[in-house]
Amino acid sequence: MEAVYIIVNLLVFLGLAPLFEGIIRKITAKVQSRQGPPIYQPYMDIFKLLGKTTINSADNWGFKFAPMMAFASIVSVIAFFPLANKANYLTQYADIITIIYLLTLGGIAVLLGALSSKNTYAMIGASREMITMIMVEPVLAMTLIMGAVKMKSLGIDITMFSINSVGYGWSVALMLVVYLAALQAFVGRPPFDISEAEIEILEGPFIEYSGPNYALFKYYMMLKQMFYAALFVMVFIPFLNTGIYIVNLAVQIVEIGVVFGFISLIGSTNARLRIDQAIKFYSVLIVLALCAVGLSVYGI
Amino acid sequence: MWLTSKVKQVLMVIKPGVVTLKYPFEPHPAPENFRGRPHWDHHKCVGCGACSNHCSARCILVRDTCQELRIMLYDGSRCTYCGRCADVCPEKAITMSQEFENATGDREDITERIELFMLTCQRCGRCYDMENTNALERLDLRGYRYDSLEARALIRKTTEHFDPNVLKETEKYQRPTKL
Amino acid sequence: MKALEQLKDTLKSKFGGNIIKFESPLEDRLFVDVKKEGVKGVCKELFTQGGRYLVGIGYDNTKRDNTLGMIHTFAFDKDSTVICVRAWVPENDPVMDSITPDVPNAGWSEREYMDLLGMKFTGHPKPKRLVLSDDWPEGIHPLRKEVPYNLVPPPAENVAYQMDECPEGCSVVPVGPFHPSLHEPNHWSIFVDGETIKGCDYRGFMTHRGIEKLCTTQVSYNEVPFIAERICGICGSVHATAYAQCVEMVADLKISRRAEFIRTIMLEIERLHSHLLWLGVAGHLIGFDTVFMQSWRIREDIMWLCEKWTGNRKTYGMIVVGGVRRDITPELKDDMLRVLKKVEEECIVVHKAIIGDTTIHKRTKGVGYMTHEEAVQWSIVGPPARARGVDIDVRRDHPYAAYDAVKFDVPVVDTNDVWGTVVVRILEIFEAIKIVRQALDQLPEGKIITEMDDVIQSQRHAISHVEAPRGESVHYVISGDENRADRWRVRAPTYPNLQGVPTMLLNDQFADFPIILGSIDPCFSCTDRVQVVDIKSGKVNVMNQRDLERMSRRA
């Protein structure tokens with residue numbers, strides 16, 4: 001029976017990720033005094049891209065393989081994910097290390113695709129992506145580790161719902177701020193869309209991609225940003241737990257929508273930073289995240 | 001500091017609201033003075049060729065097929081809509097309309113062609129006031145340009161007066177069949 | 001004109017033997033005819049005296065006295081004068097001293113005439129091809145009078161421009177010929193060490209339309225304003241005005257005061273929309289699309305106003321030799337004042353928001369650094385110069401049209417970076433609004449077109465410059481026979497500014513390349529105006545909708 005929740009997980013994520021992307025685009029458009037594209041536009045984009053011919057411009061296996069790898073890694077993360085505060089059949093077989101590993105694997109797949117496309121701009125994009133990954137993944141790891149430290153367990157559902165059991169403390173508050181600050185970098189939105197900077201390096205890592213391969217990458221990015229928003233909701237706003245699965249699910253989807261609203265407002269009111277400026281920012285975040293973990297060790 | 005400026009920015013953009021139009025789903029008429037696609041009134045046109053003379057894009061072509069018949073042809077595919085033709089027309093036969101949706105797959109859609117029956121004045125050969133009173137007209141080359149209507153060369157050579165060689169060339173010219 | 005007399009005396013005493021004569025058709029213009037041996041010395045002297053290099057004009061005079069002419073022009077902004085140094089070289093031995101080692105900004109002008117007229121400049125530091133396309137055959141110089149305007153030499157294979165060698169330890173990032181941050185085709189090789197720019201090479205002039213050749217062989221005086229206007233999509237009226245002023249100078253035509261005022265209003269409205277456009281583009285270049293959309297929203301009101309007034313959103317077609325084409329009616333005046341009020345209010349809000357925005361500060365402060373001295377050395381013009389403390393503005397220093405009747409400030413800052421250009425441009429928006437209001441207020445009665453009595457005499461020289469939104473546009477006209485100019489030279493503001501960009505780029509991050517290049521508000525089509533239209537095969541294939549659809553489906 002618990003296997004049903006895996007399917008619900010996948011359906012919710014795969015079905016709603018483009019919708020949230022559409023919400024971001026609509027809100028951004030409103031901030032920019034535009035009508036904006038219809039909210040279902042991302043579905044159409046993916047659908048259209050999937051219908052195009054695959055052009056394997058780099059002609060090597062890495063280039064072909066990377067989009068699938070990225071997509072597969074994020075889908076597996078979602079499969080483990082205890083959406084609506086309900087651990088599913090697979091959750092018990094994985095721990096937070098698996099989640100961090102799989103998320104990093106997605107990033108590695110992007111790097112692989114970029115590096116095997118042998119394009120100068122993709123190389124610059126890849127190096128920026130790598131720096132971003134190295135600098136912001138620790139924040140994600142610390143968030144989960146903090147829960148693990150508090151609960152003395154690496155189990156996914158146990159760490160994620162740590163706040164439910166131990167409540168808010170200074171460490172959680174600090175971590176919440178850090179996570180919010182890093183959120184834009186997690187989801188690759190301004191001011192931290194540095195690795196895709198359209199203006200100077202033309203979508204960076206994805207420059208050589210088109211058609212279904214690009215659709216997979218696009219879908220991967222949408223799923224990834226929805227995952228990070230959901231993780232925030234799950235870890236930091238657990239108090240709306242009613243106990244009924246369907247209600248929980250609905251509440252969390254609404255909460256994710258609110259987080260997306262926040263993301264799009266920040267995204268549309270900031271200029272893109274340079275990589276050197278971003279590094280400075282990230283390093284502050286890492287230090288703060290370390291502090292939060294340190295505090296949690298002392299039970300604060 | 002950072003946060004307040006961002007909040008201010010968001011509040012700032014709420015005031016104008018959405019300003020983009022639903023065009024092309026809703027029409028957006030051009031103002032009265034608009035320099036849209038020019039139209040020729042063949043009742044008013046006297047065939048003086050002033051428009052052809054002043055057309056800086058050279059898309060108004062004139063040709064006499066015989067002594068009595070003059071063809072004026074406006075080829076909108078290169079028109080820059082400067083409106084000089086309407087300015088200089090002595091009979092006000094040219095009006096700049098409000099049409100701006102001129103993209104088309106067929107060149108003939110934006111071509112206007114009028115055939116005028118010309119009479120030669122028995123006394124002087126001129127049918128209308130040729131005196132240049134305006135500085136603009138004074139600055140122009142004399143005589144209308146003789147054109148090969150079929151060839152519609154990209155940029156024509158300014159042959160100031162009737163050149164029999166050009167006529168010979170263009171008479172043999174085969175119009176390219178449609179692709 | 002005491003300063004001018006002084007300068008004359010200095011030149012006479014220093015280079016007496018090489019100077020043929022002085023000529024001053026207007027009190028603020030001085031033409032100095034110099035023997036070719038004296039050019040280098042005279043130019044160096046003028047440059048050290050504080051002359052700002054404008055442009056070099058080469059022309060073919062073979063038919064008259066078998067010579068090729070070269071004119072170097074300098075502006076003395078404090079004295080409101082322009083000095084043109086004219087020299088000639090025999091057509092069979094067109095060698096002249098290069099002035100580029102002393103006046104770096106002359107580099108492109110000289111390279112241009114190596115290509116177009118086949119002149120040679122000894123001592124030029126970088127005598128590479130500038131204007132002509134890579135496969136243009138050697139020995140054909142398209143600005144020579146014997147070369148027909150529609151010459152299409154056969155295309156050649158396997159020829160490419162050799163970019164400069166990449167310095168040791170750096171790698172090359174190619175930018176262009178098509179790149180989203182450039183908007184127009186041109187090619188940069190950026191030499192980067194990591195993400196830091198260590199040097200660059202530029203290959204431009206890819207959109208040559210042969211306008212100068214076309215206009216000196218095919219069309220008449222009064223068709224040119226419409227073509228001049230199409231040199232640039234943004235500052236069209238500037239080019240048309242500068243050209244018209246040149247022709248009015250050679251024809252000794254004084255246009256009516258009302259026409260001058262209307263020209264002023266036209267130019268300022270153009271500046272207004274151009275600056276708002278630039279602000280938007282700059283926002284886009286640093287990844288801040290909301291600035292882009294909002295400033296273009298404000299700009300839209302101006303565009304609609306122009307549509308109502310001139311009949312089009314851009315390429316207004318307002319300016320002709322002798323005056324302007326459309327008058328300002330009282331209703332239009334009210335409309336204009338209403339729009340200006342709205343734009344001003346909105347701009348104040350945007351100004352506040354941008355001045356206080358920390359991310360914009362981060363991306364623009366200290367970026368594109370160039371010192372005041374370098375800016376003077378490279379003869380940078382317009383807002384990039386005013387952001388580096390160079391206090392020049394043609395509207396104030398060499399008043400034309402009705403600028404002598406209006407009061408305005410010239411904003412100058414000395415931050416020496418991109419941020420300075422942002423500030424200068426925003427402040428200029430307010431100044432432009434001020435100028436339009438004053439001009440509307442004082443608008444005199446009168447006709448808008450002045451008639452001309454005589455034909456224009458041949459072989460008269462005139463130079464006129466107009467402050468475009470992005471700097472100073474210089475036009476030079478030598479009148480000719482057959483009712484058209486013998487030589488017409490256009491120098492757009494991007495021409496000198498682009499030569500200074502390598503200095504600005506040095507030691508900045510690659511991510512800043514778009515905004516640094518953007519800070520000069522580059523207009524490549526303005527810069528690339530000279531060459532002959534180059535169509536690969538002479539045949540013109542007309543495609544209809546069906547063909548295009550078929551082609552796009554196949555792809």
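Tyr43(A) is found in helix α2 of chain A, which covers residues 41–50, and in this predicted model that tyrosine is partly exposed, because 16 other C-beta atoms lie within 10 Å of its own. Although Tyr43(A) and Ala3(A) are 40 residues apart in sequence, their C-alpha atoms are 27 Å apart in space.

Chain C, by contrast in its make-up, has 19 helices and 15 strands. Its radius of gyration, 23 Å, agrees with the value near 24 Å that a compact globule of 555 residues would have. The table sets out further values for these two chains.

| Property | Chain | Value |
|---|---|---|
| Span of the C-alpha trace along the principal axes | chain A | about 50 × 45 × 45 Å |
| Span of the C-alpha atoms along the principal axes | chain C | roughly 65 × 60 × 55 Å |
| Buried residues | chain A | 50% of the 300 residues |
| Buried residues | chain C | 55% of the 555 residues |
| Contacts at a separation of 6 or more that join residues 24 or more positions apart | chain A | 81% |
| Contacts at a separation of at least 6 that join residues at least 24 apart | chain C | 68% |

**The two domains of chain C**

Chain C is divided into domain 1, residues 2–147, and domain 2, residues 211–527, and the C-alpha centres of these two domains lie 26 Å apart. Where the domains meet, 21 residues of domain 1 of chain C are in contact with 19 residues of domain 2 of chain C. On the side of domain 1 that touches domain 2, at least two residues each come from β2 (29–34), β3 (52–61), β5 (81–90) and α4 (106–116) of chain C. Of the elements on this side, β3(C) gives the most, with six residues. Sorted by class, the side of domain 1 of chain C that touches domain 2 has 13 nonpolar, four polar and four charged residues.

**Where chain C touches chain A**

Chain C also has a side that faces another chain, for 25 residues of chain C are in contact with 23 residues of chain A. Two or more residues of that side of chain C are given by each of β8 (171–175), α8 (257–285), α9 (289–310), α11 (358–364) and α17 (513–519) of chain C, and α9(C) gives the most, with five residues. By class, the side of chain C that touches chain A has 12 nonpolar, seven polar and six charged residues.

In chain B, three strands form an open sheet in the order β2-β3-β5, with antiparallel pairing. The edge strands, each of which pairs on one side only, are β2 (60–64) and β5 (111–117) of chain B, and the twist averages 15° from one strand to the next. Five bridges join β2(B) to the antiparallel strand β3 of chain B, residues 69–75, and Asp64(B) stands opposite Arg70(B) in β3(B).

Elsewhere in chain B, a cis peptide bond with an omega of about 10° joins Tyr23(B) and Pro24(B), and Pro24(B) is found in the loop between α1 (2–14) and β1 (38–40) of chain B.

**Two positive phi values in chain C**

Most residues other than glycine have a negative phi, and most peptide bonds are trans. Against that background, Ser379(C), a residue other than glycine, has a positive phi near 55°; its place is in the loop between α12 (372–377) and α13 (382–386) of chain C. Asn507(C), again a residue other than glycine, has a positive phi near 65°, and Asn507(C) is found in the loop between α16 (494–505) and α17 of chain C.

Terms used. Residues numbered from 1 in each chain as written. Chains lettered and ligands numbered in written order. Predicted model: local features only at pLDDT ≥ 70, side-chain atom pairs only at ≥ 80, totals over all residues. Domains from an automatic or database assignment. Contact = placed C-beta atoms within 7 Å. Helix = DSSP H or I, 4+ residues; strand = E, 2+ residues; numbered from the N terminus. Nonpolar A, V, L, I, M, F, W, Y, C, P; charged D, E, K, R; others polar. Buried ≥ 20, exposed ≤ 12 C-beta atoms within 10 Å, placed from the backbone. Rg over C-alpha atoms; globule rule 2.2 N^0.38 Å. Pairing = 2+ DSSP bridges. Axes fitted to C-alpha atoms, helices over the stretch in contact; angles between N-to-C directions.
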